[in-house]
Amino acid sequence: MKNRALALGLSGLLFAGWAAPASAQFGGLVGKKSAAPAVDVDKALSAGSDLIGYITTANDLGMQGAGLMLAMYPDDRFPEIRKMSAQYNELSAKRKDGNLDAEQLKLSQSASAAIAEELKGEAWKGYKKENSANVGKAYGKLGLMVVADTLAGTLVKPTTDNLTAALEAVKKDPMKATQAGAIKSQLESLAAIAPALPKQIESAGTVRSICAKIAEAEKVKLPTDISADKIKDKATLVAASTALPE
């Protein structure tokens, strides 16, 4: 319940800095409406790239946490989940721009949901005690993913709105026509990401609750959750992940 409350509380946060700047320009005639704010195409693209990179980092942390959980159980358990995890890692090594694609997103979503399902009830008790230290590492990584994905969820719409406006702007400006492809690519990525975030948050929360059960049984101390203001961008998220206990 703690994880769900955390996620719900964070989902109300908004980061105004990601929205496009609004500057009103008034005409000289009485009654003339102010002009529409100009769209900063470069800024919209930069914000989109930053957000996708942030989500990619969070997603990777979630899959690392899932891998740590898998390592706590016999090798012959969860073969399909292990296969998905391996495929995800293979695709990560082949990334062209450093960010996840739709195929990786689908794999991570399926893997996290499958782990939550497979370990429900009493199934979590079949872990290898010699690997019980993994539970704290997995708990920390999944926690960062939950916080980051929740924050990212509040940024998808304003970022998408800015990119949509930018796309309309480049259509009218032949000098910027080459940027249309990059904008469309980001919009497609965010369209796939948006519905996946709530599902991944829910699955990660379920797996973290299992981590807590194992930690209690094995007397393992779990790391303290990091607050949202400490991981507001990719750089701070990476730094927070490296600070987790090994």
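Trainee: How does the lining of the second largest pocket divide by class in this predicted model?

Mentor: The lining of the second largest pocket holds eight nonpolar, six polar and six charged residues.

Trainee: What volume does the second largest pocket have, and which residues lie nearest its centre?

Mentor: The space in the second largest pocket comes to about 430 Å³. Its lining has 20 residues, and those nearest the centre are Asp97, Asn99, Leu100, Asp101 and Ser189.

Trainee: Which elements give two or more residues to that lining?

Mentor: They are H2, H4 and H6. H6 gives the largest share, seven residues.

Trainee: What lines the largest cavity?

Mentor: The largest cavity is lined by 14 residues, and Gly62, Ala66, Ser112, Leu142 and Met145 are the ones nearest its centre. Two or more lining residues come from each of helix H2 (41-70), helix H4 (102-118), helix H5 (134-171) and helix H6 (180-218).

Trainee: H2 keeps coming up. How many residues does H2 have, and what distance does it reach?

Mentor: H2 has 30 residues, and the distance from its first C-alpha to its last is 43 Å. That is close to the 44 Å expected at 1.5 Å a residue.

Trainee: Is H2 mostly covered or mostly exposed?

Mentor: H2 is mostly covered, with 23 of its 30 residues buried.

Trainee: What caps the N-terminal end of H2?

Mentor: Aspartate 40 caps that end of H2. One of its side-chain oxygens lies 3.3 Å from the backbone nitrogen of aspartate 42.

Trainee: A change of topic: how many salt bridges are there?

Mentor: The count comes to seven salt bridges. In one of them, the side chains of arginine 95 and aspartate 60 meet at 2.8 Å, N to O.

Trainee: Are arginine 95 and aspartate 60 buried or exposed?

Mentor: Both arginine 95 and aspartate 60 are buried.

Trainee: What about lysine 157; with which residue does it form a salt bridge?

Mentor: Lysine 157 pairs with aspartate 161, and their closest N and O atoms are 2.8 Å apart. The two residues are four apart in helix H5, so about one helical turn separates them.

Trainee: Why would that spacing matter in a helix?

Mentor: An α-helix has 3.6 residues a turn, so residues three or four places apart point the same way.

Trainee: How exposed are lysine 157 and aspartate 161?

Mentor: Lysine 157 is exposed, at a relative accessible area of 58%. Aspartate 161 is partly exposed, at 38%.

Trainee: Which residue meets lysine 125 in a salt bridge?

Mentor: Glutamate 122 does, with the side chains 2.6 Å apart, N to O. Glutamate 122 counts as exposed because its relative accessibility is 54%, and the cut-off for exposed is over 50%.

How values were computed:
Residues numbered from 1 in each chain as written. Predicted model: local features only at pLDDT ≥ 70, side-chain atom pairs only at ≥ 80, totals over all residues. Heavy atoms only, no water. 1 Å grid on protein atoms, 1.4 Å probe; cavity = no way out; pocket = protein on both sides within 12 Å on 5 of 7 lines; lining within 4 Å. Salt bridge = Lys/Arg side-chain N within 4 Å of Asp/Glu carboxyl O. Buried < 20%, exposed > 50% of the residue type's maximum accessible area, 1.4 Å probe, protein only. Expected span 1.5 Å × (residues − 1). Polar contact = N/O pair within 3.5 Å; in protein donor to acceptor, adjacent residues only side chain to side chain. Points joined across faces, edges and corners; volume = space filled by probe spheres on them. Nonpolar A, V, L, I, M, F, W, Y, C, P; charged D, E, K, R; others polar.
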